[in-house]
Amino acid sequence: MSDDLKNNAPAPENESPGEHSTVPMWIFGLLLILFFAGAIYFDDHSGWFNPQIYAPYQSAEELENYQPKSGAAEMLAQGKKSYDLICAACHGPNGEGKLGQAPPLAGSEWVNAKGFKRIVEIPQLGLNGPVTVKGQNLDFPSGMPPMGAQLSDADLAAVLTYIRASWGNKAEAITADDVKSVRTAVAGHSAINGEQGLDAIKE
Amino acid sequence: MNENEKIDSAVDASCRVPLLALFGGAALWLVVGLALAIVASLTFHKPDMFADCPWLTYGRALAAANDLLLYGFCIPTGLGVMLWIFARLSQAELCLPLVPIAAANIWHLGVLIGTVAILIGDSTGFMWLEFPRGSSVLLFAAFLLIAISAFATFGARRDRELQPAHWFLLAAVFWFPWIYSTANLLLLASHPVRGVTQAVIDWWFSNNMVFVWLALVGIGTAFYFLPKLAGRPLQNRYYALFAFWTFILFGTWCGIPHDAPVPAWLPASSAVASALLILPLFIIEFIGWRTAWGSVKSKWDSGPFCFVGSGVDFFFLSGLMLVAMACPQISRATEFTWFGPAQIQLQFLGFFAMTMFGAVYYILPRTAGFDFPFPKLARVQFWISLFGLALFILPLAIGGVEQGMKLQNSQIPFADISNSMLPYLRVSTTGQLLLLLGGLIFALNVFGLTLKWKMAVLKKLLAAIKAPLETEEVKA
Amino acid sequence: MKTGFRVFLAAFIALGASWCGFVLAPVLQLGTEKQTTVLNSSDIYPEQRPGAATLGLQVYRANDCAACHTTQVRQDGVTCQISLTSLGKNEPAEFKKFIASLLELPQFRACSNSVTAEFQAWNGELPETVTNLDADEAGDMIQHINAGGCKAEVQVVATGADIARGWGSRRSVAEDFLWDDPVQLGDIRVGPDLANVGARYDLNWQLQHLYAPQSLVKNSAMPPFRFLFQVRKIGSTPSPDALNLPAAFAPPAGYEVVPTDDAKNLAAYLLSLRADVPLYDAPFTREIVDTNNP
């Protein structure tokens, strides 16, 4: 028969072994061991097909464990972002305010005052001037629209916390629950009217 | 000539034109691809060489070089060798011989269009799939045509027993249409799949194309040629069966890099599959050595034997590199470094190209009926390619590991890491020049043979035209 | 194997299995992904890139920038650290004694050496950060500290060489590439990683770097992409887009270098490359924004 076919045909029985010995058992054993080791590795490192688990996390519990809780750092970072987007246009990137447009927030006694009701109501309802800030009587004819009303509780809390911790301000943080309670209390109210309106808010 | 030799020469003659079409184009693309790769690597030695020439900027030249190597050289050569092996094993002439001839031309046209598209900036952006849609359609159609002829030739066999070469080559014929069509439909057809899924499918395709498909064709060819050239039967069939099954089952799952931005189960699956791949790698190397052992000294003069034998060794080496890269601890030092390209180029130029050189050097003289114009240069090419590979791959691999370890140390500024790679790149460019020289020798031989054949055909044609017409005397 | 059909079957099983695993499953799992929210915020991530950046991605693709640059950050692990912001009514010396006794508890055995060393070196100034704890240890310690009247919080920090290099704050995840078409992850770092390059350099730097990389990074191996720019005679007034180049790379007198649309779009794309927000898949605590002490 042809050379090509002779080379690869199984040898006849009376020929010496070596050319047609079958695959020895230990190779299958090795395959099984490798398979087992692979299964152990997969069990540890695959997160079992969970699309949220990326290396180095090995399980959903571990990933949950390492989620940063919403602490002060998170709030400040988030608050800065919202401030830059929404408030900085009128109040300035460093809270310095704009003459005729918005009073300063840096060092403002209204910002640093204790309690949270007033400071939440201002962005929630809006404020008409004039107001006395740091000894100056400032008027801003167009008034402050309720810029904060569009934000979620957590976001508004973050912005106010950021304002109260920046540019020399040192006041307590505002929590999302604080915002929520104020929002429920003043739902439907109209904008605060000048300084009397601010003074009327009881903490 | 005895009966067998008569059949063999008839079979060979039937493959003549298809193989010349496939191999001729492949040799051309090999040279062009290797040249473009050198153009790309020149950027490291003189960055602003092509600063004003968008066609030859590093990214485009490298992508074109890689695709030319795969689609221009590797696949057509593999298909040609496959057709011939099927014909020989079937002991039947190549069926539908016009079909592969047409397919070869369509294929080479597709490669040309694709390469030009990459150089003008129309590459698709997917690794190993940079040829645009139009070109992909041509390549796919050409492959199907060749597959038809291959199946027909396979079906024409009288001895119904299958050889190991059959298993590997048949699997390869089946493999390519599935992976190529999937990749093209999901990534290029209209809108690719969303987000990082594109990368996952690209990795799946790349692994199955560059690693598995080339291995199937290359090892199938090696399992056919090694016994033939060594003069001993394959050692042995059962091991080959085991290697075939384990290779296709595990090899297809490798490919997802360890730190990919995908959920953890994808790289973990690849890592496990790569570890399991060690077994078929060792077994294939074992088969190769057992079959060739004892013949090494006596057959050392034979060009094809050297090429094919070294091809199997390079397959083993590049496979080991692949397994190493998938190992989590080692991948830390090899990921995103020159080690990856070193492994892939070893697969292409070390394993597949060497095996194909051996096969072509054996096949072409027998099918064309002429010898190569410079048959002794085959041995020269072997040694040049061997040294070229060493100079090309080794610095990249070693440099890659050094680069990886330095990347892990954040104290080392990145600019220093880049600069420390330059000496390695210089040596590897020298290697590339040697490989280009080897490719030129190969192309010279193939073109020379084609020219000889064409001259012979022309001579016959002229003789037929010039021959006096036979006349019959008209009886009065 | 005896027949061609059995070979076909073998190949079908093998390839079919990996097709299910690496094509079908990812398409079902990742291909239907939608935007997610940033951790501890209601911001959506990722936002779609602006128009110029989307065009810039195509320039990135056409020139195969991914042949040298990756856009994915790796992460080796994650640790927790405790940031002490207020001692309340306690004195630093008292607090140190308290911590020393705390660290003798069994659950802190693993970290006690490093934490003790850090506290011994502490000079009493706030805020003080204690590093290298895992989540359970940090959670435990926080409760003890806060119960003593102090204020501290746990911060999660991603660790890894890429992160230490400043290439990102966390690993890259699937959501980072949601809008990319095609995704250009890259697989070799001939040049630095670009996942967060938008946060590191500004527009002018990017344009100058594209035109003349060697003017900004000495001995850079990056080829200058001069074909993305036009060197032209200065008209009646210099163009506002003209690059400001150092003398060695500047055009001859009377000429200016102006970026083409491709260059501008590519620069816009590079500027849009930022992935530095924490997500559920890759959490970390964002940096404290202390505007009192910038």
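This is a predicted model: local features need pLDDT of at least 70, side-chain atom pairs count only at pLDDT 80 or more; totals for chains, interfaces and linings use all residues.
Residues are numbered from 1 along each chain as its sequence is written, chains are lettered from A and ligands numbered from 1 in the order written, and side-chain values use heavy atoms, leaving out hydrogens and water.

**Exercise 1. Work out the strand order in the open sheet of chain C.**

- Start with the order: β4-β3-β5, paired antiparallel. Strands are DSSP runs of E, at least two residues, numbered from the N terminus; a pair needs at least two DSSP bridges.
- Next, find the edges: β4 (128-133) and β5 (151-159) of chain C each pair on one side only.
- Then look at β3 (residues 77-86) of chain C, which four bridges join to β4(C). Ser83(C), for instance, has Thr129(C) as its bridge partner.

**Exercise 2. Find the domains of chain C and how far apart their centres lie.**

- Domain 1 covers 36-75 + 166-272, and domain 2 covers 77-159; the bounds come from an automatic or database domain assignment.
- Over C-alpha atoms, the two centres sit 42 Å apart.

**Exercise 3. Describe how chain C meets chain B.**

- Count contacts (heavy atoms within 4.5 Å): 70 residues of chain C touch 86 of chain B.
- Now the salt bridges (side-chain nitrogen of Lys or Arg within 4 Å of a carboxyl oxygen of Asp or Glu): the rule finds three across this interface. Arg332(B) makes one with Asp76(C), closest N and O atoms 3.8 Å apart.
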